[in-house]
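Here is a short report for someone meeting this structure for the first time. Look over the sequence and the model, then read on.

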Amino acid sequence: MPWGEFKNIVAERRLFQRRAIVMLLLVLVLLGLLVARMYQLQVVEHDIYTTLSDKNRVQVQSVAPPRGLVYDRNDVLLAENRPVFSVTLVPERVGDMQQTLAKLHGMLSISEEDMERFNRRLLEPRRPFQELPLRYDLNEQEIARLAVHRHELPGVEVSAELVRYYPHSELTAHALGYVGRINRQELQRIDPVNYAGTNYIGKSGVERFYEELLHGRVGYQHVETNARGRTLRVLERENPVPGEDIRLHMDLRLQRLAHELLDGRRGAIIAIEPSTGGLLALASVPGFDANQFVTGIGVEAYRELSTSVDKPLFNRALRGQYPPGSTLKPMLAIAALDSGAVTRDKTIWDPGYFRLTPGGRPWRDWKRGGHGWVDLTAAVAESCDIYFYEAAVAMGVDTMHQYLSQFGFGEDATLDVAGALSGLLPSRDWKRAVHSEPWYPGDSVNLGIGQGFMLSTPLQLATATSVIANRGNWAEPRLLKEVKGDRSIDEVLPTGSHQSIELENPDDWEFVVESMAEVMHGSKGTARGAGRGAPYRMAGKTGTAQVFSLAEDEEYDEEEIRERLRDHALFVGFAPVDNPQIAVAVIVENGGSGSGTAAPVARAMFDAWLLGFPAEGEALVIGSSAEASR
Amino acid sequence: MSAGSLFNQSARHPLSGPRGIWSVLHIDPILLFLLLVLIAGGLVVLYSGADQNMAVVKAQGIRMGVALIVMFVFAQLDPAVFRRWSPWLFAAGVASLVAVMLVGVGAKGAQRWLAIPGLPRFQPSELMKLVVPMMAAWYLSRHYLPPRLRHVVVALLIVLLPMVLIILQPDLGTSLLVGSAGIFVVFFAGISWRLIGAFFAMVSVAAPLMWFFVLREYQKQRVLTLLDPQSDPLGAGWNIIQSKTAIGSGGVDGKGWLQGTQSHLEFLPESHTDFIVAVLAEEFGFVGMLILLVVYLLIILRCLYIAATAQDSFSRLLAGALTMTFFIYIFVNVGMVSGLLPVVGVPLPLVSYGGTSGVTLMAAFGVLMSVHTHRRMISA
């Protein structure tokens, strides 16, 4: 030990002890500082941090109300909710997005479309910690696989939600409409509070019109969550108010029959209960599977639907605007009688053509050579064009416009049918405004047989027919029959504003109805074939509408082009004559003649409604495709 | 040697039989008792902090058992052995730090571990917490105390060399602990107050330089976050906000054991390692924190007493420096978790889960016990 021998041991120890006391003081001061800090946090600011801590763990979550169910008039479920599992990601909690997606690719089938949509949503502005859906409608194996690997996948959650399901989708798509994810425009107009937990909104049809009723009121729950946002337990809950269940006038059996009758064709059938205005059937064929649209349809599938030459997405019943052709004649007959342009007994000679002025342009009758001597009844029964040319000129456009508008042409007269178009009821003012031309007498001639400028939707034709069946009484077409919950239907169904059509001589109704019955049962009636052998009396009117233009597509062979250039076949009618239970309008695109194609369809509808539906099996044989293609 | 120690101990405490056993074992019973209280309490808190994962508690218990054995072994060695070995240990330590730089392994961008085939993986920087104060004490105790300026300079260089090597790993937390251990030796050696003033002046000049040239981006971020944690509440500020929330919401008497929502709902990061004191504060409140700090204070008091009653300068300097290093652990950790200091990777001594720090700390306590139980008669 070279050191120490000369050192002053006592002095060194004293020196150390002095220093140790300094250190001890330092320790005491710093520990005192820590104690003071703890006192500050735990005693002085305790309330602040308690609040923070509660805010951390307790979150208010909105609870989406279950959407109201939709039934047909016989309580057959048309729209229900089923649980669908989807996988969602919270980007803020996903460590390595690429790696996570790669892992998920190994466990689920994720299409390129899913990825595209996900990546798009990832770039869009969104709330922090918002869940982004990656894939919907997981199957059970996929859910199980995710559950097993959940610990390796932070920020990945499987979420269940109730999603709309349409069990008879193809049949009801056009009438019911469908729900879909709320898009950005819709986000602007909805109540953000009530929709806080909702991802879907009615896009069309009943779903759209009764959105508020079907949606219900949002509920809330206070939940305890961990730092990863996973809900651990519910502390407090205010239940949502479920959407109201509703019942429609629609009869699914009739709706199915309508689809079967038009199977393989393009067209629409509307059936109305005249006394109530209730829409018994609202068919537009071809239909489509609305379920595809609920969780978001794929680009490819959508392109296929939207570019199909048959236009399955096009709702012909509400939005197809066709020249009504001869189906307009019963309404014009009422107009002509009541305005005095013709009398019941007025008879004309039909040589097969009509001229406004001697030597002028001839308007031809559909029957070459003409019908000979015809009165009003015969003119309706045989669909004599010449008679109505003369009557139209005698009435003039203003009179025709006045009467036809009372039948609901040129407006959307429905109460709750979303998206119905109003067609076109021409008038002097309209022509001047749109075509900058005066109304020519020739325009009246065309209007006399429902051609020219006039356009009408099948729904409008059915509505007008129903007004005739009611002998002038209005019952606006409506889908909703009943609200099953507490709310009364008067609260939600708009009230109709149409006045009954009052005629000078109310018996004119019976006269025109009888002439329509002649169409079905008369020896020369254009639809006598369709009316043959019926145990009840029916009234009707056939029609054909010329196809003016066709978007010609080279892909179709000549025969098909010729097929698609054929006239549209139309029919309107109701039955039984004395106590109408059902009024229908039928259009079969490129169906040829109304008597040959459309009238038998209407007869089948009448028979089913009045005499009973064919047994389940029989009905399915005719048009099984509607069921099978789902 | 052991016979002599036994004789000395018995001579000083002729009346107490049991204490005789302690001196045979070279264990200080008071210090051991305090440490066991701390470790046991730590395991209770850890059980909650690790979300009632018994495996974690068991692993920590085994680690603490090993650490107690290490303490026991170190306590058996005479301080003279440490003194004699100091230069060699220091040389080996510096060499292994250099080796870490060249062939070390690690994670998250830091090379801290040395894997020598045949030996368990170890962290040389951790050993330096013991070796640097030993070396500084060895060097300074060779000369008259208080030391002359040139000895102080050499001693500071001895401290600075491993510090720099550790900073380069980079491991700021350990480097600060190693550095402070060495600095405390210099202070205890009796360096003049004027020099201390000059040192602090130097630090205040060096601090801005450190900011621009030494600190990494993430370290700067931690300092900035300390000043304003709300500036980045989901990023760097998250830890501080959540740990302050945990502590503050604990209140006076806490939410109760296993009832801490901050830790059990995973808001509190690192709840069983560096931030475990927040778990304790949340569940046991201000009262629990006072008890913890009092236990720590008692340990420090006992250790300073041991240092003050040590027989030679080397033992005194080493014991004092190790005690103060222990305190620095406490202060930096609790200060960090409560938002007084920036986030530095320093565990709460003998409570936080994992790391080799527990073993090193217990080895240091072994050295202190050795100092206390190997005294000779002449000191009386």
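## The annotated site

Which residue does the UniProt annotation "active site" cover? The unreviewed entry places it at A:S326. UniProt positions are given in the numbering used here, feature names are shortened, and annotations may be inferred rather than shown by experiment. The model is predicted: local features need pLDDT of at least 70, side-chain atom pairs count only at pLDDT 80 or more, and totals for chains, interfaces and linings use all residues. Residues are numbered from 1 along each chain as its sequence is written, while chains are lettered from A and ligands numbered from 1 in the order in which they are written.

A:S326 sits in the loop between helix 13 (316–319) and helix 14 (329–339) of chain A. Helices (H or I, at least four residues) and strands (E, at least two) are DSSP runs, numbered from the N terminus. Is A:S326 buried or exposed? A:S326 counts as buried because it has 28 C-beta neighbours inside 10 Å. Buried takes 20 or more other C-beta atoms within 10 Å of a residue's own, exposed 12 or fewer, and partly exposed lies in between; C-beta atoms are placed from the backbone. Leaving out residues up to four places away in sequence, A:S326 touches A:S383, A:I449, A:G450, A:K541, A:T542, A:G543 and A:T544. Contact means that two C-beta atoms, placed from the backbone, lie within 7 Å.

Helix 19 (residues 458–469) of chain A has 12 residues. Its first and last C-alpha atoms are 16 Å apart, close to the 16 Å expected at 1.5 Å a residue. That expected span is 1.5 Å times one less than the number of residues. Helix 19 of chain A is largely enclosed by the rest of the structure, because 12 of its 12 residues are buried. Its cover includes helix 13, helix 14, strand 11 (267–273) and strand 19 (568–575) of chain A. Just after helix 19, A:R471 takes a positive phi of about 55°.

Helix 24 (residues 594–611) of chain A is mostly covered, with 13 of its 18 residues buried.

## Nonpolar cores

A nonpolar core is a set of buried Ala, Val, Leu, Ile, Met, Phe, Trp, Tyr and Cys residues joined through C-beta atoms within 7 Å. The largest has 134 residues. Those with the most contacts inside it are A:I269, A:I270, A:V584, A:V586 and A:M605. Helix 16 (residues 385–406) of chain A gives the largest share of this core, 11 residues. Domain 1 (60–248) and domain 2 (252–480 + 497–628) of chain A both give residues to this core, so it lies between them. The domain bounds come from an automatic or database domain assignment.

A second, separate core has 120 residues, including B:L34, B:F74, B:F184 and B:I299.

Chain B has 15 helices and 2 strands. Buried residues make up 51% of its 380 residues. The unreviewed UniProt entry annotates "transmembrane region" on several spans of chain B, among them 30–50 and 284–305. Residues 284–305 of chain B are 100% helix, with end C-alpha atoms 30 Å apart.

How many residues of chain B are in contact with chain A? There are 43, and they meet 34 residues of chain A. Helix 13 of chain B supplies the largest share of this side, 11 residues.
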